[in-house]
Amino acid sequence: MTTTTAPDASAVLDQRLTAADRCDSCGAQAYIAAEVNGSELLFCAHHGRKYEEKLRSIATSWHDETARLTAGD
């Protein structure tokens with residue numbers, strides 16, 4: 001008997017940004033996505049942290065994958 005398991009949906013959602021997604025400020029790989037006024041803004045970890053305080057108050061969503069930088073992937 002063979003059993004299969006479906007991939008964890010949260011793991012798929014947690015890593016929606018790819019190496020092709022680039023920071024809107026500097027062009028580095030994006031690890032943070034923020035939706036502001038219906039537009040998605042992408043940031044590297046550095047610029048995401050730099051603008052986080054201001055953006056969080058107006059963003060309708062904030063997706064942060066910076067933990068991937070220290071994970072042993």
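Guide: A search of the whole structure, which is a predicted model, turns up zero disulfides. Let's see why. The sulfur of cysteine 26 has its closest cysteine sulfur in cysteine 44, at 3.9 Å. A disulfide calls for sulfur atoms within 2.5 Å, so this pair is too far apart for a bond.

What about exposure? Cysteine 26 counts as partly exposed, at 45% relative accessibility. Cysteine 44, in contrast, has a relative accessible area of 8% and is buried, because the cut-off for buried is under 20%. Across the protein, buried residues make up 27% of the 73 residues.

Now let's step back to the fold. The protein has two helices and three strands, and along the sequence they follow the pattern α-β-β-α-β. The three strands form an open sheet in the order S2-S1-S3, with antiparallel pairing. At its edges are strand S2 (39–43) and strand S3 (61–64), each of which pairs on one side only. On average, neighbouring strands of this sheet are turned by 15 degrees against each other, direction ignored.

Look next at S1 and S3, which run antiparallel and are joined by four bridges. Here you can find glutamate 35 standing opposite serine 61 in S3. Helix H2 (residues 45–56) lies across S1, S2 and S3, and runs at about 135 degrees to S2.

One more stop is the loop between helix H1 (9–14) and strand S1 (32–36), where glutamine 15 has its place. Glutamine 15 is partly exposed, with a relative accessible area of 44%.

Among contacts between residues at least 6 apart in sequence, 38% join residues at least 24 apart. The protein exposes about 5,200 Å², and carbon and sulfur atoms supply 51% of that area.

Definitions and conventions:
Residues numbered from 1 in each chain as written. Predicted model: local features only at pLDDT ≥ 70, side-chain atom pairs only at ≥ 80, totals over all residues. Heavy atoms only, no water. Buried < 20%, exposed > 50% of the residue type's maximum accessible area, 1.4 Å probe, protein only. Pairing = 2+ DSSP bridges. Axes fitted to C-alpha atoms, helices over the stretch in contact; angles between N-to-C directions. Contact = heavy atoms within 4.5 Å. Areas by Shrake-Rupley, 256 points an atom, 1.4 Å probe, with all protein chains shown as cover.
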